[in-house]
Each structure stands twice: as C-alpha cells, then as structure tokens.
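Please keep the structure open while reading.

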Amino acid sequence: MSGPKPIASLLRLAIGRKQLSLSLRPPQRCSSICHSSRRALQTLSTSPRVPDFAFAFDIDGVLVRSSDPLPRAHKTLSYLQSQCIPFILLTNGGGKHESERVEELSNKLEVLLDTTMFVQSHTPFADMDEYKEKTVLVMGGDQDNCRRVAEKYGFQTVVTPGDILTAHPEIWPFSSQFLPVYAPFSRPLPQSINPTDPAQSLRIDAVFVYNDPRDWGLDITILKDLLLSRAGIFGTLSPKNNDPKLPNHGYQQDGQPPVFFSNPDLVWAAKYHLPRLGQGGFREAFEGVWAALTGGSRAGVEFQKTVIGKPFRQTYEFAEKRLVAHRKDLFGGQDAGALRKVYMVGDNPESDIRGGNSYESPLGTDWASILVRTGVHVEGQTPAWKPNKEVGDVWDAVKWAVEDSKWDGGLKG
Ligand code: G3P
Ligand code: MG
C-alpha cells in the first residue's frame, strides 16, 4: 500500500477489508493493513497498539467436530484476523500434510490459514533428520497418507504395516480379508522378511506413529515382532529378551528400533456425542499386550518409547517458536515487542489444559489455559487439570481473553 491515504478512504479500506475476510484472502501483513486501519480508527483517540498477546487454538472439539465446523469458529478467527491478533492452530490430530489440512480447514472455517500458523501432532517429526536416510515404519492414518507426509518431510524409505501384510499375509492372518483394502496403496518392501537369512531380511531403524492406527490387530502384532526382534530385523528374535541379568529384563536392549508416538490422547471429540478412543488408546492397548508378553512392571519391564504432542513440553516449545515467527511475519518482520501472554484454548483437560498450565516458556511468556465445553469436556465435569477459565465455546474464550488483556477491540455478541 503506497503513500498515506486520507482517513475516510482508510476507514473504507479497513471496513472493505473486513468484509473481504469472508472471501478467503490470505492473512494480511498486519504491519500495513492493521496499523493504517487501526490508526484510521484510533487517530481520534490513542496511539495504535500491537497486541502483546496471542492464541493457540486446539482443533477437534474447539473449531470442528470431525468434519463439521463448530458454530462460532469462523466468527472467532475472522474477528482475530480483523484485529491482527496472532493465533496458531495446535492440534494432536494429523494424518495429512500440513498444507493439505490447512487448505481443508480454511475452506471449512471460511478463514484463510497458512502453514506458518499450524502445528499438527507429527509436525515436529519433520525435524528428525537423523532418520531421513534410514528405513522407517510409519503407522496410523487413512490408507498410506502418513507415508506420503513422511516422504514430504524428507524420509527416504518409508514402510507401512499394509506393505508388510501385503507381502506377508501370514504375519497377521486375521487381516488377510483386508488385503483388497490395502492393495491400492501398498508398495513392495525394500527387502522381504527372510527368517532364514536375517542379513537379507527387512530391517526397521525407527517406528513413527503419525496418527490413530486403523487396524490395531495388525499394527500391534508388527510392533511386537519388531520390539522382540534382534536389531529390528523382521523374522528374528533377540536372545536378550527375558534375561533378568540385563536392564529392562533384556527387552529393547538389542538395537531394536526406537518408537515415537505423536499423540497421547486416550480420547478425543469426534462426531459421536461421546468421546472416542484416540492414538493413546492404541498405545495403551499395545502396552497391555507388551506387559502380558514380558511380565510388565511386575517383572520390572517397561515399554520404552517417546511420546510427543500436547501436553508435552517439546510440542509446546515447537508451537511457541512457530507462533513467535508467525507473529513477527504478521507485522512485516518489524519488532512486535515481547509476547506477554498466550491463551491456549482447548476441550481436553489432559492435553490442552495440562499442557497450557505446565508449559514454562523460555521466553518468559505467560501461557494461560481456557477450557471450552464443545468437545471432550462437558459442563458439570470436574476437569483433571484446572483451567484458568472455563467457558461455553471458542467465541466465549476469545471474549474473555481480550477482556483479560484489556484489548478494546470492539467485541460484540
Ligand atoms: O486425533 C486427534 C485428537 O486426538 C485430538 O485432536 O485437535 O483436539 O488436539 P485435537
Ligand atoms: Mg481437542
């Protein structure tokens, strides 16, 4: 926008832009639009102000229920965009590449979002360069969507349980009926399973659970085989298993692949009126089988794994970095000043509220948690983790937060 415009046209511009928000324009560089429009709006009163607070919105149970947008989600996000109040979406969901999911959500919510303001459960996996030249097993999601996400992240050799079943149906006989389902998106294995010649047998260097597994029986079996194997070589058994002289009774002590889960949610809010089991449900089911196979904690055996996602620190740190960069970008790279406060708005006390409450920001930013009643948590329940505020829905959350931050942004309704 070149040269200062007379106030009247700036006002028209600001109002015009606001109306435009319905027509899906990209998040504007707030440095140009907002300052001028707010200056236009505020010249009559005080000097313009860059918001020193921002939002992190959970998705399922806050903005959408499965594929349906929640009633006031659009109004909330477009209001924040009109006020140039930065926000990111921070979900334990996933299963598609960020660019695909952002496009889908933009259309559903009729607010244009972009990947700079978007963090899925597996987004931090994109930084795990140490495995990109290795052979990894990717679990979860529809068809082989998660394989394609991993490949977009730069992982060279990605195998799925469907590939293994298609090549070796005997590995889990109860899924052979699903072979026609797997066939369209299965790929030949980089190496077949060859128990007679382990050196020539398929070896997995790491396991990534990107999203909620669909075929628990197959995935649990494959994970069990890998963790009992020698060095991640399929078809082998580690001689160290069940050796009381060794740490963890010898389990996972023989170069077996590390296992990374992207989302701890036991339950989540989908279309059904009651919460549904999530990726955490799958992990708990596996832990039950593992304990039964190894003797479990009674025998001093644990299942060694890494779990990221909300409420864990690694994910909040990743999200905060993304929010700070997005905020700077929104204000045209200008110094937007310190980020004083972030409001984490979520429906799940175990992930959103616990995460927002316990995250200590290295930047000194204060993270506050707001619990909505449009998802997992419902009115009358006592949340396991006490939020700073409990409200009806996402619009109520933003209303409370902008008042809490004394932002005179002309909120109505
Ligand atoms: O699988 C997604 C679910 O666990 C929760 O997603 O957006 O509520 O963090 P979200
Ligand atoms: Mg949620």
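Which backbone nitrogen does the side chain of Asn 92 reach at 2.8 Å? The side chain of Asn 92 reaches the backbone nitrogen of Lys 310. The model is a predicted one. Its chain has 413 residues, of which 53% count as buried, and its secondary structure comes to 12 helices and 15 strands. Among contacts between residues at least 6 apart in sequence, 70% join residues at least 24 apart.

**Asn 92**

- Asn 92 is found in the loop between β4 and α4.
- Asn 92 counts as buried because its relative accessibility is 4%, and the cut-off for buried is under 20%.
- Besides reaching the backbone nitrogen of Lys 310, the side chain of Asn 92 makes a polar contact of 3.1 Å with the side chain of Asp 265.
- Leaving aside residues up to four places away in sequence, Asn 92 touches Ser 121, Asn 263, Pro 264, Asp 265, Gly 309, Lys 310 and Ser 351.

**Thr 91**

- Thr 91 lies in the loop between β4 (87-90) and α4 (98-109).
- With a relative accessibility of 2%, Thr 91 counts as buried.
- The backbone nitrogen of Gly 93 is reached by the side chain of Thr 91 at 2.7 Å.
- Residues up to four places away in sequence aside, Thr 91 touches Asp 58, Ile 59, Asp 60, Arg 101, Val 119, Gln 120, Ser 121 and Lys 310.

**The open sheet**

- Six strands, paired in parallel, make up an open sheet with the order β5-β4-β1-β13-β14-β15.
- The edges are β5 (118-119) and β15 (389-391); each has a single partner strand, so one side of each is left without a neighbour in the sheet.
- Within the sheet, β13 (residues 341-346) and β14 (residues 366-372) run parallel and are joined by six bridges.
- Lys 341 stands opposite Asp 366 in β14.

**Helices lying across the strands**

- Helix α10 (residues 313-330) lies across β1 (53-57), β4, β5, β13 and β14, and runs at about 150° to β4.
- Helix α11 (residues 349-358) lies across β13 and β14, at about 155° to β14.

**The α8 and α9 pair**

- Helix α8 (residues 216-227) packs with helix α9 (residues 279-294) at an angle of about 50°, the axes being 10 Å apart.
- The two helices, α8 and α9, are therefore oblique to each other.
- The crossing of α8 past α9 is right-handed.
- On the α8 side, the residues that meet α9 are Trp 216, Asp 219, Ile 220, Leu 223, Lys 224 and Leu 227.
- On the α9 side, their counterparts are Gly 281, Phe 282, Ala 285, Phe 286, Val 289, Trp 290 and Leu 293.

**Helix α3**

- In helix α3 (residues 73-82), the buried residues are Ala 73, Thr 76, Leu 77, Ser 78, Tyr 79 and Leu 80.
- The cover over these buried residues of α3 includes β1, β4, α4 and α12 (394-404).

Conventions: Residues numbered from 1 in each chain as written. Chains lettered and ligands numbered in written order. Predicted model: local features only at pLDDT ≥ 70, side-chain atom pairs only at ≥ 80, totals over all residues. Heavy atoms only, no water. Helix = DSSP H or I, 4+ residues; strand = E, 2+ residues; numbered from the N terminus. Buried < 20%, exposed > 50% of the residue type's maximum accessible area, 1.4 Å probe, protein only. Polar contact = N/O pair within 3.5 Å; in protein donor to acceptor, adjacent residues only side chain to side chain. Contact = heavy atoms within 4.5 Å. Pairing = 2+ DSSP bridges. Axes fitted to C-alpha atoms, helices over the stretch in contact; angles between N-to-C directions. Parallel < 35°, antiparallel > 145°, perpendicular 65-115°, else oblique. Left-handed = near helix turned anticlockwise from the far one by under 90°.
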